[in-house]
Amino acid sequence: MKSEFLKNTSLISYSKKSFEKSCYTSILDVILTNSTPSTEWLNTYGLNFREIFREIIANNNLDDFLIKLFMDEEHSNKVILLNDLVFISTRILKTESRTLDSEQMFFIISSGFLWSIQEKEGDYFNWIRERLENNKGIVRRKKADYLLFLILESIVDNYEDTYQKNAELSATILEAENIKPTPEFTAKVEKRKQELFNFKKATISLKDTILKLEKIKIEEFDVKYFSELKEQTNNLISNIDFELQELESKINLIFSIQGHRLNEVMKTLTILSVIFIPLTFLAGIYGMNFANMPELNWKYGYFLILGLMLVITIISVWYFKKKKWF
């Protein structure tokens, strides 16, 4: 278990003038402290190292309440202030596929270090590692608070990019001229709505984390960076709500089309029924087998009834057209 943990754990140590990327060879080498001049970013893939987490917490004299937090099986969205550090728990969408799986992420952050723990291997943070290594921008001049901001910004940007890509794809599939009251089209609309609900839930969760971080007060931890992320999440939620309203309008349009078609069918059937009711009445009268029916013995009786039926049909059709019923 320890060897697996060490294999899945890496360290980036950086300052304004230095950068070092390394892996651990022993649990005792995992040192989390604010006393070094450099900032350290420790990253671990996997949540099944609870006993090792306990050992690292004990070795570094970190707040032992962290042990309880790590031992919890179910983790909701949390931002907890402890002794000179903050524990963050959040669930992040994995956007590599349209299924939108999720993973649990933990962050333990203080002024001098950030320990990020991800449930699944792979992330969206390579651009941050490259900026640290190549000393691009201001990241090497900042502390762990700015590093956390960049990580959360990367998650938000990934949400926005994936949302825009899926929105363009859905707009092509679900454009107005393609709207059809079929089960297949309705299923596509409902699938897109479920994707948007997942996005909205994840974005709201991330926004809650950011709002809580803005209220954190620990030494050398600047919360000013997170206001920008709050605006980004607000804009993304607004875009999602707008598309949900559009999809709801399309579903209502489908119901309207179905209702209109049903009304057209019922109107046609009603008109045909009204035309044939008097004809059926006449046919019923002269279908009776009474002996004293003078028209039965009249030479032109048959033709008279047919003519009368034709006149009634013409008058009915003329009247319906005049009223613009069809």
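Strand 1 (residues 9–14) and strand 3 (residues 39–45) pair in the antiparallel sense over six bridges; strands are DSSP runs of E with at least two residues, helices are runs of H or I with at least four, both numbered from the N terminus, and pairing requires at least two DSSP bridges between two strands. Isoleucine 12 lies opposite tryptophan 41 of strand 3. The model is predicted: local features need pLDDT of at least 70 and side-chain atom pairs pLDDT 80 or more, whereas totals for chains, interfaces and linings use all residues. Residues are numbered from 1 along each chain as its sequence is written, and side-chain values use heavy atoms, without hydrogens and water.

The open sheet has seven strands in the order 2-1-3-7-6-5-4, with mixed pairing. Strand 2 (19–23) and strand 4 (78–82) are at the edges with a single partner strand each, so one side of each has no neighbour in the sheet.

The largest pocket holds about 230 Å³ of space. A pocket is an open set of points on a 1 Å grid over the protein atoms alone, where a 1.4 Å probe fits, with protein on both sides within 12 Å along at least five of seven lines; lining residues have an atom within 4 Å of a point. The volume is the space filled by probe spheres set on the points, which are joined across faces, edges and corners. Of the 14 lining residues of the largest pocket, Arg91, Ser102, Lys201, Ala202 and Ser205 are closest to its centre. Strand 5 supplies the largest share of this lining, five residues.
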